[in-house]
Amino acid sequence: MTPRNRERGLPGILIECEHRKDESELEKAVEHALKEIEKRRYDAHLLDKSVTKIDKYGIAFSGQKVVLKKKCRPKSFRPRHDII
């Protein structure tokens with residue numbers, strides 16, 4: 001999600017959800033969700049729009065049991081433009 005008013009300093013938000021049948025796999029699933037955000041470079045769209053503060057959420061669920069982890073990119077982050 002891209003913030004409408006970037007001057008207010010609101011973060012961009014990325015969410016990756018994983019489903020597991022077995023509740024014991026939720027911790028690994030939530031870590032996998034966060035790795036997928038990095039691996040697939042979901043933040044590229046936000047970085048192209050000069051959004052530098054990005055909150056990333058990994059969500060794993062099994063039935064009614066949910067595990068959520070958040071990873072933040074600080075405002076001071078400066079992306080390297082030489083990486084493709």
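The structure is a predicted model, in which local features require pLDDT of at least 70 and side-chain atom pairs count only at pLDDT 80 or more, while totals for chains, interfaces and linings use all residues. Residues are numbered from 1 along each chain as its sequence is written, and side-chain values use heavy atoms, with hydrogens and water left out.

Two helices and three strands make up the secondary structure of the chain, and their order along the sequence is β-α-α-β-β. Helices (H or I, at least four residues) and strands (E, at least two) are DSSP runs, numbered from the N terminus. The accessible surface of the chain is about 6200 Å², and carbon and sulfur atoms contribute 50% of this area. Accessible areas were computed by the Shrake-Rupley method with a 1.4 Å probe; for residues, only the protein chains shown count as cover. Of the 84 residues, 31% are buried, where buried means under 20% relative accessible area, exposed over 50%, and partly exposed in between (1.4 Å probe, protein chains only). Among contacts in the chain with a separation of 6 or more, 58% join residues 24 or more positions apart; a contact means heavy atoms within 4.5 Å.

Strand β1 covers residues 12-19, and its side chains alternate between two faces. Strand β2 (residues 54-62) is mostly covered, with eight of its nine residues buried. The two strands β1 and β2 are paired in the parallel sense over eight bridges; pairing requires that DSSP finds at least two bridges between two strands. Within this pair, Ala60 of β2 is the bridge partner of Glu18.

Glu18 has a relative accessibility of 10% and therefore counts as buried. Beyond residues up to four places away in sequence, Glu18 touches Ala29, His32, Ala33, Glu36, Ile59, Ala60 and Phe61. The side chain of Glu18 also makes a polar contact with the side chain of Arg20, at 3.2 Å. A polar contact is a pair of N or O atoms within 3.5 Å; within protein, one must be able to donate a hydrogen and the other to accept it, and residues adjacent in sequence count only if both atoms are side-chain atoms.

Glu36, one of the residues touched by Glu18, lies in helix α1. With a relative accessibility of 8%, Glu36 is likewise classed as buried. Its contacts, leaving aside neighbours within four places in sequence, are with Glu16, Glu18 and Tyr42. Lys35 is also found in helix α1, which spans residues 26-39, but Lys35 counts as exposed because its relative accessibility is 57%. The C-alpha atoms of Lys35 and Glu16, 19 residues apart in sequence, are 9.4 Å apart in space.

The largest nonpolar core consists of seven residues, Leu14, Leu34, Ile37, Leu46, Leu47, Val51 and Ile54. Helices α1 and α2 (44-48) each supply at least two residues of this core. A second, separate core has five residues, including Leu26, Ala29, Ala60 and Val67. A nonpolar core is a set of buried Ala, Val, Leu, Ile, Met, Phe, Trp, Tyr and Cys residues joined through side-chain atoms within 4.5 Å. In soluble globular proteins, nonpolar side chains tend to be buried together.

Asp55 lies in strand β2 and is buried, with a relative accessible area of 5%. Not counting residues up to four places away in sequence, Asp55 touches Pro11, Gly12, Ile13, Leu14, Lys70, Lys71 and Cys72. Asp55 and Asp43 are separated by 12 residues in sequence and by 9.7 Å between C-alpha atoms.

Cys72 is located in strand β3 (residues 65-73). Its contacts beyond four places in sequence are with Ile54 and Asp55. Cys72 is partly exposed at 47% relative accessibility, and Cys17 is partly exposed at 45%. The structure holds zero disulfides, a disulfide being defined as a pair of cysteine sulfur atoms within 2.5 Å.
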